[in-house]
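The following exercises are to be worked with the sequence and the model in view. Each task is followed by a solution in steps.

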Amino acid sequence: MTKKRSPSSHSESASVLTPAYGGRFMREPIPKFTLPKDEMDADSAYRLIHDELMLDGNARLNLATFVTTWMEPQAQRLMSETFDKNMIDKDEYPNTAMIEERCIKIVANLFNAPSEATGSSAIGSSEAVMLAGMAMKWNWRARQRAKGKPTDKPNLILGTNVQVVWEKFCRYWDVEPRYVPMAPDRYVIDPEDTISKIDENTIGIVAILGTTFTGEYEPIKEVHDALVASNASTGFEVPLHVDAASGGFVAPFLQPELEWDFRLPLVKSINVSGHKYGLVYPGVGWVVWRDKSELPEDLIFHVNYLGGDMPTFTLNFSRPGNQIVGQYYNFLRLGRTGYKQVMENLGSIAQQLSARIAQMGPFELLSDGSAIPVFAFKVKNPEDYSVYDVSDHLRAYGWQVPAYSMPEGAESIHVLRIVVREGFSYDMGEMLLADLTKVIEKLEQNSSAQSNDNSGGFAHV
(Lines give C-alpha, C1' and ligand atoms only; values in the text may rest on other atoms or scores of the structure.)
Protein backbone atom coordinates (compact mmCIF):
# COMPACT_ATOMS: atom_id res chain seq x y z
CA MET A 1 0.00 0.00 0.00
CA THR A 2 1.40 3.37 -1.04
CA LYS A 3 1.63 5.86 1.76
CA LYS A 4 0.11 9.24 0.98
CA ARG A 5 2.38 12.22 1.40
CA SER A 6 1.14 15.00 3.62
CA PRO A 7 0.70 18.51 2.12
CA SER A 8 3.55 19.75 4.25
CA SER A 9 5.96 17.09 3.05
CA HIS A 10 4.99 17.83 -0.58
CA SER A 11 5.64 21.52 0.00
CA GLU A 12 9.00 20.77 1.58
CA SER A 13 9.97 18.55 -1.37
CA ALA A 14 8.94 21.18 -3.91
CA SER A 15 10.93 23.78 -2.00
CA VAL A 16 14.03 21.63 -2.14
CA LEU A 17 13.71 20.83 -5.85
CA THR A 18 12.77 24.31 -7.16
CA PRO A 19 15.70 26.61 -7.99
CA ALA A 20 15.59 30.01 -6.31
CA TYR A 21 14.23 31.76 -9.39
CA GLY A 22 12.42 28.79 -10.93
CA GLY A 23 9.17 29.00 -8.97
CA ARG A 24 5.85 30.31 -10.25
CA PHE A 25 6.16 33.53 -8.26
CA MET A 26 9.35 34.38 -10.10
CA ARG A 27 7.91 33.66 -13.58
CA GLU A 28 4.63 35.54 -13.36
CA PRO A 29 3.84 39.14 -12.43
CA ILE A 30 2.30 39.70 -9.03
CA PRO A 31 -0.50 42.20 -8.38
CA LYS A 32 0.92 45.59 -7.43
CA PHE A 33 -2.13 47.38 -6.04
CA THR A 34 -4.38 44.59 -4.76
CA LEU A 35 -3.76 41.70 -2.39
CA PRO A 36 -2.62 38.54 -4.20
CA LYS A 37 -5.26 35.80 -4.25
CA ASP A 38 -2.99 33.24 -2.59
CA GLU A 39 -0.12 33.26 -0.17
CA MET A 40 3.50 32.72 -1.18
CA ASP A 41 6.39 31.24 0.71
CA ALA A 42 8.50 33.54 2.82
CA ASP A 43 11.68 33.18 0.75
CA SER A 44 9.89 34.17 -2.46
CA ALA A 45 8.31 37.21 -0.83
CA TYR A 46 11.69 38.23 0.52
CA ARG A 47 13.46 37.82 -2.82
CA LEU A 48 10.81 39.75 -4.76
CA ILE A 49 10.98 42.74 -2.45
CA HIS A 50 14.75 42.54 -2.03
CA ASP A 51 15.25 42.62 -5.80
CA GLU A 52 12.94 45.60 -6.27
CA LEU A 53 14.81 47.55 -3.61
CA MET A 54 18.11 46.99 -5.42
CA LEU A 55 17.00 49.71 -7.83
CA ASP A 56 17.07 52.28 -5.02
CA GLY A 57 20.09 54.54 -4.77
CA ASN A 58 23.01 53.46 -2.60
CA ALA A 59 22.39 55.08 0.81
CA ARG A 60 26.11 55.40 1.52
CA LEU A 61 26.57 57.45 -1.67
CA ASN A 62 23.64 59.70 -0.85
CA LEU A 63 25.31 63.02 -0.02
CA ALA A 64 21.93 64.76 0.05
CA THR A 65 20.49 63.32 3.24
CA PHE A 66 21.40 64.32 6.78
CA VAL A 67 19.96 61.04 8.02
CA THR A 68 22.31 58.37 9.41
CA THR A 69 23.02 55.53 6.98
CA TRP A 70 25.52 53.49 9.05
CA MET A 71 25.55 52.13 12.60
CA GLU A 72 27.65 49.52 14.33
CA PRO A 73 26.45 45.90 14.14
CA GLN A 74 25.88 45.79 17.91
CA ALA A 75 23.56 48.80 17.67
CA GLN A 76 21.69 47.20 14.78
CA ARG A 77 21.27 44.02 16.80
CA LEU A 78 19.90 45.91 19.80
CA MET A 79 17.49 47.84 17.59
CA SER A 80 16.26 44.68 15.85
CA GLU A 81 15.63 43.13 19.28
CA THR A 82 13.41 46.03 20.35
CA PHE A 83 11.26 46.66 17.26
CA ASP A 84 8.31 45.06 19.03
CA LYS A 85 8.33 47.37 22.07
CA ASN A 86 5.64 50.05 21.88
CA MET A 87 7.22 53.22 23.23
CA ILE A 88 3.92 54.60 24.50
CA ASP A 89 3.32 51.61 26.78
CA LYS A 90 5.60 52.71 29.59
CA ASP A 91 3.87 50.48 32.16
CA GLU A 92 4.57 47.34 30.13
CA TYR A 93 8.11 48.40 29.15
CA PRO A 94 9.37 50.37 32.17
CA ASN A 95 13.05 49.88 31.37
CA THR A 96 12.62 51.27 27.86
CA ALA A 97 10.80 54.24 29.43
CA MET A 98 13.67 54.64 31.89
CA ILE A 99 16.18 54.67 28.99
CA GLU A 100 14.09 57.35 27.25
CA GLU A 101 14.20 59.51 30.39
CA ARG A 102 17.96 59.03 30.66
CA CYS A 103 18.39 60.15 27.05
CA ILE A 104 16.31 63.28 27.66
CA LYS A 105 18.48 64.20 30.64
CA ILE A 106 21.68 63.51 28.69
CA VAL A 107 20.53 65.76 25.84
CA ALA A 108 19.44 68.48 28.30
CA ASN A 109 22.83 68.32 30.01
CA LEU A 110 24.58 68.52 26.64
CA PHE A 111 22.66 71.76 25.98
CA ASN A 112 23.59 73.25 29.39
CA ALA A 113 20.01 73.14 30.63
CA PRO A 114 19.04 73.90 34.23
CA SER A 115 18.32 70.93 36.49
CA GLU A 116 14.57 71.54 36.22
CA ALA A 117 14.56 71.07 32.44
CA THR A 118 12.06 68.70 30.89
CA GLY A 119 11.71 67.13 27.47
CA SER A 120 10.32 64.46 25.20
CA SER A 121 11.40 62.02 22.55
CA ALA A 122 9.84 62.25 19.10
CA ILE A 123 9.82 60.45 15.75
CA GLY A 124 12.31 63.07 14.51
CA SER A 125 12.89 66.80 14.60
CA SER A 126 9.73 67.27 12.54
CA GLU A 127 7.56 66.07 15.42
CA ALA A 128 9.82 67.80 17.94
CA VAL A 129 9.34 71.10 16.07
CA MET A 130 5.56 70.69 16.20
CA LEU A 131 5.69 70.08 19.96
CA ALA A 132 7.93 73.09 20.59
CA GLY A 133 5.77 75.30 18.38
CA MET A 134 2.60 74.23 20.19
CA ALA A 135 4.17 75.06 23.55
CA MET A 136 5.13 78.54 22.30
CA LYS A 137 1.62 79.18 21.01
CA TRP A 138 -0.08 77.92 24.19
CA ASN A 139 2.21 80.03 26.41
CA TRP A 140 1.60 83.14 24.30
CA ARG A 141 -2.15 82.55 24.40
CA ALA A 142 -2.07 82.27 28.19
CA ARG A 143 -0.15 85.55 28.45
CA GLN A 144 -2.64 87.28 26.15
CA ARG A 145 -5.64 86.00 28.08
CA ALA A 146 -4.09 87.16 31.35
CA LYS A 147 -3.92 90.66 29.85
CA GLY A 148 -7.45 90.45 28.44
CA LYS A 149 -6.14 90.65 24.88
CA PRO A 150 -7.24 88.72 21.75
CA THR A 151 -5.58 85.44 20.82
CA ASP A 152 -6.71 85.05 17.23
CA LYS A 153 -3.66 86.37 15.35
CA PRO A 154 -0.49 84.63 16.53
CA ASN A 155 2.68 84.99 14.47
CA LEU A 156 6.08 83.31 14.44
CA ILE A 157 9.30 84.92 13.18
CA LEU A 158 11.64 82.70 11.18
CA GLY A 159 14.01 82.87 8.25
CA THR A 160 13.13 81.88 4.71
CA ASN A 161 15.86 79.25 5.13
CA VAL A 162 13.90 77.16 7.65
CA GLN A 163 13.10 73.52 7.00
CA VAL A 164 9.63 73.00 5.53
CA VAL A 165 8.32 71.51 8.79
CA TRP A 166 8.13 75.04 10.24
CA GLU A 167 5.91 76.08 7.34
CA LYS A 168 3.77 73.04 8.10
CA PHE A 169 3.52 74.03 11.76
CA CYS A 170 2.36 77.52 10.88
CA ARG A 171 -0.25 76.21 8.45
CA TYR A 172 -1.54 73.36 10.60
CA TRP A 173 -1.74 75.40 13.81
CA ASP A 174 -2.99 78.63 12.23
CA VAL A 175 0.05 80.78 12.98
CA GLU A 176 1.16 83.59 10.67
CA PRO A 177 4.76 83.02 9.53
CA ARG A 178 6.78 86.24 9.38
CA TYR A 179 9.77 85.46 7.25
CA VAL A 180 13.15 87.13 7.45
CA PRO A 181 14.55 87.07 3.88
CA MET A 182 18.06 86.04 2.96
CA ALA A 183 20.40 88.12 0.77
CA PRO A 184 22.72 87.19 -2.12
CA ASP A 185 25.68 87.31 0.26
CA ARG A 186 23.88 86.24 3.48
CA TYR A 187 22.14 82.90 3.98
CA VAL A 188 21.17 83.25 7.65
CA ILE A 189 18.79 85.63 9.43
CA ASP A 190 19.82 89.19 10.20
CA PRO A 191 19.29 90.07 13.91
CA GLU A 192 18.05 93.60 13.30
CA ASP A 193 15.61 92.56 10.58
CA THR A 194 14.40 89.70 12.80
CA ILE A 195 13.64 91.92 15.79
CA SER A 196 11.86 94.50 13.64
CA LYS A 197 9.08 91.99 12.92
CA ILE A 198 8.04 91.52 16.55
CA ASP A 199 4.68 92.68 17.87
CA GLU A 200 2.41 91.69 20.77
CA ASN A 201 1.14 88.67 18.79
CA THR A 202 4.58 87.12 18.29
CA ILE A 203 4.70 83.69 19.92
CA GLY A 204 8.45 83.32 19.40
CA ILE A 205 11.53 83.54 17.18
CA VAL A 206 13.19 80.53 15.55
CA ALA A 207 16.95 80.49 14.99
CA ILE A 208 18.77 77.60 13.32
CA LEU A 209 21.93 75.86 14.47
CA GLY A 210 23.03 74.48 11.11
CA THR A 211 20.84 75.44 8.17
CA THR A 212 19.96 72.75 5.65
CA PHE A 213 20.86 75.07 2.75
CA THR A 214 24.50 75.75 3.62
CA GLY A 215 25.21 74.14 7.00
CA GLU A 216 25.96 77.53 8.61
CA TYR A 217 25.06 78.51 12.16
CA GLU A 218 22.73 81.46 12.50
CA PRO A 219 23.89 84.32 14.79
CA ILE A 220 21.90 82.97 17.72
CA LYS A 221 23.59 84.95 20.49
CA GLU A 222 23.26 88.19 18.53
CA VAL A 223 19.57 87.50 17.93
CA HIS A 224 19.16 86.64 21.60
CA ASP A 225 20.84 89.80 22.85
CA ALA A 226 18.75 91.93 20.48
CA LEU A 227 15.64 90.14 21.75
CA VAL A 228 16.57 90.86 25.37
CA ALA A 229 16.74 94.57 24.55
CA SER A 230 13.49 94.42 22.58
CA ASN A 231 11.56 92.68 25.35
CA ALA A 232 12.90 95.18 27.89
CA SER A 233 11.70 98.14 25.84
CA THR A 234 8.31 96.71 24.80
CA GLY A 235 7.33 94.67 27.82
CA PHE A 236 6.73 91.64 25.60
CA GLU A 237 7.86 88.16 26.64
CA VAL A 238 8.90 86.79 23.26
CA PRO A 239 10.96 83.58 23.65
CA LEU A 240 13.68 82.15 21.42
CA HIS A 241 13.51 78.59 20.11
CA VAL A 242 16.64 76.99 18.63
CA ASP A 243 16.17 74.49 15.82
CA ALA A 244 19.31 72.45 16.42
CA ALA A 245 18.15 69.52 14.27
CA SER A 246 21.48 69.39 12.44
CA GLY A 247 23.92 71.12 14.78
CA GLY A 248 22.75 70.04 18.23
CA PHE A 249 25.03 67.00 18.28
CA VAL A 250 27.90 68.85 16.60
CA ALA A 251 28.39 72.23 18.30
CA PRO A 252 28.83 70.84 21.85
CA PHE A 253 31.83 68.85 20.60
CA LEU A 254 33.37 71.04 17.90
CA GLN A 255 32.50 74.52 19.21
CA PRO A 256 31.87 74.06 22.97
CA GLU A 257 32.51 77.76 23.66
CA LEU A 258 29.77 78.87 21.25
CA GLU A 259 26.80 80.32 23.15
CA TRP A 260 23.62 79.16 21.47
CA ASP A 261 21.85 76.94 24.00
CA PHE A 262 20.29 77.27 27.47
CA ARG A 263 23.20 79.43 28.59
CA LEU A 264 21.18 82.19 26.91
CA PRO A 265 18.22 82.99 29.23
CA LEU A 266 15.63 83.60 26.50
CA VAL A 267 16.29 80.25 24.84
CA LYS A 268 13.24 78.42 26.15
CA SER A 269 13.30 75.27 23.99
CA ILE A 270 15.60 73.34 21.66
CA ASN A 271 14.94 70.49 19.23
CA VAL A 272 17.54 68.10 17.83
CA SER A 273 17.54 65.10 15.49
CA GLY A 274 18.95 61.91 16.95
CA HIS A 275 18.93 60.41 13.46
CA LYS A 276 21.22 63.08 12.03
CA TYR A 277 24.46 63.74 13.87
CA GLY A 278 23.08 61.87 16.86
CA LEU A 279 24.19 58.94 14.63
CA VAL A 280 20.99 56.83 14.90
CA TYR A 281 18.98 55.29 12.07
CA PRO A 282 15.70 57.15 11.41
CA GLY A 283 13.64 58.20 13.12
CA VAL A 284 14.28 59.71 16.51
CA GLY A 285 14.30 63.30 17.70
CA TRP A 286 14.38 65.17 20.98
CA VAL A 287 12.90 68.39 22.32
CA VAL A 288 13.96 70.00 25.60
CA TRP A 289 12.35 72.89 27.50
CA ARG A 290 14.24 75.08 29.96
CA ASP A 291 11.83 74.16 32.76
CA LYS A 292 8.38 72.67 33.24
CA SER A 293 6.70 76.07 33.15
CA GLU A 294 7.59 76.29 29.44
CA LEU A 295 5.59 73.14 28.70
CA PRO A 296 1.89 73.93 29.36
CA GLU A 297 0.20 71.30 31.46
CA ASP A 298 -2.90 71.18 29.27
CA LEU A 299 -0.77 69.89 26.38
CA ILE A 300 0.12 66.78 28.38
CA PHE A 301 -2.25 63.82 28.20
CA HIS A 302 -2.52 61.24 30.94
CA VAL A 303 -3.21 57.79 29.52
CA ASN A 304 -4.23 54.88 31.75
CA TYR A 305 -5.84 52.28 29.51
CA LEU A 306 -2.54 50.44 29.04
CA GLY A 307 -2.19 49.71 32.72
CA GLY A 308 -1.03 52.83 34.53
CA ASP A 309 -0.99 56.62 34.50
CA MET A 310 1.33 57.67 31.68
CA PRO A 311 1.80 61.36 30.91
CA THR A 312 2.49 61.84 27.22
CA PHE A 313 3.07 64.78 24.90
CA THR A 314 3.44 63.44 21.37
CA LEU A 315 1.64 63.69 18.05
CA ASN A 316 2.27 60.01 17.37
CA PHE A 317 0.93 57.42 19.76
CA SER A 318 2.26 53.95 19.01
CA ARG A 319 5.86 53.76 17.86
CA PRO A 320 8.72 51.32 18.42
CA GLY A 321 11.21 51.94 21.19
CA ASN A 322 14.17 50.69 19.19
CA GLN A 323 15.34 54.13 17.99
CA ILE A 324 15.56 55.32 21.59
CA VAL A 325 17.53 52.18 22.44
CA GLY A 326 19.83 52.95 19.50
CA GLN A 327 20.35 56.50 20.78
CA TYR A 328 21.20 55.26 24.26
CA TYR A 329 23.65 52.75 22.78
CA ASN A 330 25.50 55.59 21.06
CA PHE A 331 25.55 57.68 24.24
CA LEU A 332 27.09 54.79 26.20
CA ARG A 333 29.34 53.55 23.40
CA LEU A 334 30.81 56.90 22.37
CA GLY A 335 30.58 59.22 25.36
CA ARG A 336 31.82 62.78 24.97
CA THR A 337 35.22 61.66 23.74
CA GLY A 338 33.79 59.38 21.07
CA TYR A 339 31.30 61.92 19.76
CA LYS A 340 34.06 64.52 19.66
CA GLN A 341 36.30 62.19 17.64
CA VAL A 342 33.52 61.38 15.17
CA MET A 343 32.59 65.04 14.67
CA GLU A 344 36.22 66.14 14.33
CA ASN A 345 36.77 63.45 11.72
CA LEU A 346 33.65 64.40 9.74
CA GLY A 347 34.49 68.10 10.01
CA SER A 348 38.03 67.48 8.79
CA ILE A 349 36.79 65.47 5.79
CA ALA A 350 34.18 68.13 4.93
CA GLN A 351 36.67 70.99 5.09
CA GLN A 352 39.34 69.19 3.07
CA LEU A 353 36.75 68.15 0.49
CA SER A 354 35.35 71.67 0.18
CA ALA A 355 38.87 73.12 -0.18
CA ARG A 356 39.73 70.63 -2.93
CA ILE A 357 36.49 71.42 -4.78
CA ALA A 358 37.24 75.15 -4.55
CA GLN A 359 40.70 74.50 -6.01
CA MET A 360 39.22 72.74 -9.04
CA GLY A 361 38.40 76.10 -10.60
CA PRO A 362 34.80 75.97 -11.83
CA PHE A 363 33.24 76.24 -8.36
CA GLU A 364 32.84 78.85 -5.62
CA LEU A 365 32.10 77.93 -2.02
CA LEU A 366 29.16 79.39 -0.11
CA SER A 367 30.20 77.52 3.03
CA ASP A 368 33.15 75.30 3.84
CA GLY A 369 31.96 72.77 6.46
CA SER A 370 33.57 74.57 9.40
CA ALA A 371 30.26 74.73 11.32
CA ILE A 372 28.61 71.35 10.79
CA PRO A 373 30.15 68.89 8.27
CA VAL A 374 28.05 70.30 5.44
CA PHE A 375 29.02 72.70 2.67
CA ALA A 376 27.49 74.28 -0.42
CA PHE A 377 29.06 75.55 -3.62
CA LYS A 378 27.96 77.08 -6.90
CA VAL A 379 29.17 77.08 -10.50
CA LYS A 380 31.09 80.25 -11.37
CA ASN A 381 29.95 80.31 -15.01
CA PRO A 382 26.41 78.86 -15.12
CA GLU A 383 26.08 79.90 -18.76
CA ASP A 384 28.44 77.01 -19.63
CA TYR A 385 26.72 74.36 -17.47
CA SER A 386 24.57 74.46 -14.35
CA VAL A 387 24.66 72.86 -10.92
CA TYR A 388 21.77 70.71 -12.15
CA ASP A 389 23.97 69.40 -14.98
CA VAL A 390 26.67 68.52 -12.46
CA SER A 391 24.16 66.77 -10.20
CA ASP A 392 22.68 64.77 -13.08
CA HIS A 393 26.08 63.63 -14.36
CA LEU A 394 27.26 62.61 -10.88
CA ARG A 395 24.29 60.24 -10.66
CA ALA A 396 25.82 58.21 -13.48
CA TYR A 397 28.62 57.36 -11.02
CA GLY A 398 26.16 56.58 -8.21
CA TRP A 399 26.58 59.85 -6.28
CA GLN A 400 23.48 61.71 -5.14
CA VAL A 401 24.43 65.38 -4.72
CA PRO A 402 21.42 67.70 -4.59
CA ALA A 403 21.17 70.90 -6.60
CA TYR A 404 18.67 73.61 -5.69
CA SER A 405 18.02 77.33 -5.58
CA MET A 406 18.56 79.29 -2.38
CA PRO A 407 15.59 80.61 -0.36
CA GLU A 408 13.70 83.88 -0.84
CA GLY A 409 16.04 86.84 -0.98
CA ALA A 410 18.80 84.79 -2.61
CA GLU A 411 16.72 82.67 -5.00
CA SER A 412 18.85 83.64 -8.01
CA ILE A 413 21.72 81.58 -6.58
CA HIS A 414 21.78 77.87 -7.41
CA VAL A 415 24.00 75.51 -5.46
CA LEU A 416 25.16 71.96 -4.85
CA ARG A 417 25.35 70.71 -1.27
CA ILE A 418 27.33 67.88 0.27
CA VAL A 419 26.55 66.34 3.68
CA VAL A 420 29.41 64.36 5.22
CA ARG A 421 28.08 61.69 7.59
CA GLU A 422 29.43 58.82 9.67
CA GLY A 423 30.44 56.14 7.17
CA PHE A 424 31.92 58.63 4.68
CA SER A 425 35.70 58.20 4.62
CA TYR A 426 38.66 60.08 3.15
CA ASP A 427 38.89 57.37 0.48
CA MET A 428 35.27 57.95 -0.50
CA GLY A 429 36.06 61.65 -0.70
CA GLU A 430 38.89 60.90 -3.13
CA MET A 431 36.53 58.80 -5.24
CA LEU A 432 33.99 61.62 -5.30
CA LEU A 433 36.64 64.13 -6.38
CA ALA A 434 37.84 61.80 -9.14
CA ASP A 435 34.30 61.36 -10.46
CA LEU A 436 33.58 65.09 -10.15
CA THR A 437 36.70 65.79 -12.23
CA LYS A 438 35.41 63.44 -14.93
CA VAL A 439 32.03 65.15 -14.86
CA ILE A 440 33.58 68.61 -15.26
CA GLU A 441 35.77 67.45 -18.14
CA LYS A 442 32.73 66.01 -19.93
CA LEU A 443 30.58 69.10 -19.31
CA GLU A 444 33.33 71.44 -20.48
CA GLN A 445 33.80 69.38 -23.64
CA ASN A 446 30.07 69.52 -24.29
CA SER A 447 30.04 73.27 -23.65
CA SER A 448 33.00 73.80 -25.97
CA ALA A 449 31.40 71.70 -28.70
CA GLN A 450 28.13 73.56 -28.32
CA SER A 451 29.99 76.87 -28.53
CA ASN A 452 31.75 75.79 -31.74
CA ASP A 453 28.47 74.66 -33.28
CA ASN A 454 26.88 77.98 -32.47
CA SER A 455 29.78 80.05 -33.83
CA GLY A 456 29.85 77.97 -36.99
CA GLY A 457 26.16 78.55 -37.48
CA PHE A 458 26.51 82.29 -37.09
CA ALA A 459 29.45 82.37 -39.51
CA HIS A 460 27.37 80.54 -42.12
CA VAL A 461 24.55 83.04 -41.72
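On a 1 Å grid over the protein atoms alone, a cavity is a set of points where a 1.4 Å probe fits but cannot get out, while a pocket is an open set with protein on both sides within 12 Å along at least five of seven lines; a lining residue has an atom within 4 Å of a point. Grid points are joined across faces, edges and corners, and a volume is the space filled by probe spheres set on the points. The model is predicted: local features need pLDDT of at least 70, side-chain atom pairs count only at pLDDT 80 or more, and totals for chains, interfaces and linings use all residues. Residues are numbered from 1 along each chain as its sequence is written, and side-chain values use heavy atoms, with hydrogens and water left out.

**Exercise 1. Cavities**

Determine how many cavities of 30 Å³ or more a search of the whole structure finds, and describe their linings.

Step 1. The search finds two cavities of 30 Å³ or more.

Step 2. The largest cavity holds about 90 Å³ of space. Its lining includes Trp140, Arg143, Gln144, Asp199, Glu200 and Phe236. Helix H6 (residues 125-146) is the greatest contributor, with three residues; helices (H or I, at least four residues) and strands (E, at least two) are DSSP runs numbered from the N terminus.

Step 3. Sort this lining by class, where Ala, Val, Leu, Ile, Met, Phe, Trp, Tyr, Cys and Pro count as nonpolar, Asp, Glu, Lys and Arg as charged, and the others, Gly among them, as polar.

**Exercise 2. The largest pocket**

Step 1. Two or more lining residues come from each of helix H5 (94-110), strand E1 (118-122) and strand E9 (310-312). H5 gives the most, with seven residues.

Step 2. By class, the lining comprises 13 nonpolar, 10 polar and seven charged residues.

**Exercise 3. Burial and the nonpolar cores**

Find which residues touch the most other members of the largest nonpolar core.

Step 1. Apply the burial scale: buried means under 20% relative accessible area, exposed over 50%, and partly exposed in between (1.4 Å probe, protein chains only). Buried residues make up 48% of the 461 residues in the chain.

Step 2. A nonpolar core is a set of buried Ala, Val, Leu, Ile, Met, Phe, Trp, Tyr and Cys residues joined through side-chain atoms within 4.5 Å. In the largest core, of 95 residues, Val390 and Ile418 touch the most other members. Helix H11 (residues 322-359) supplies the largest share of this core, 12 residues.

Step 3. With residues up to four places away in sequence not counted, the residues that Val390 touches include Phe363, Val379, Tyr385 and Leu416; contact means heavy atoms within 4.5 Å.

Step 4. A second, separate core of 28 residues includes Leu158, Val175, Val206 and Val287.

**Exercise 4. Aromatic pairs**

Count the aromatic pairs, and classify the pair formed by Phe249 and Tyr339.

Step 1. Rings of Phe, Tyr and Trp (its six-membered ring) pair if their centres lie within 6.5 Å; planes under 30 degrees apart count as stacked, over 60 as edge-to-face and the rest as tilted. This rule gives 12 aromatic pairs.

Step 2. For Phe249 and Tyr339, the centres are 6.1 Å apart and the planes are at 20°, a stacked pair. Phe249 lies in the loop between strand E5 (240-243) and helix H10 (251-254), and Tyr339 in helix H11, 90 residues apart. Phe249 and Tyr339 are buried.

Step 3. Ring pairs also link Trp166, Phe169, Tyr172 and Trp173 into a cluster.

**Exercise 5. Backbone geometry**

Is Leu279 buried or exposed?

Step 1. Leu279 counts as buried because its relative accessibility is 7%. Its phi is near 75°, a positive value in a residue other than glycine, and Leu279 lies in the loop between E6 and E7.

Step 2. Asn112, in the loop between H5 and E1, has a positive phi near 60°. Asn112 counts as partly exposed because its relative accessibility is 37%.

Step 3. The cis peptide bond joins Pro282 and Gly283, with omega about 0°. Gly283 is placed in the loop between strand E6 (267-273) and strand E7 (285-289).
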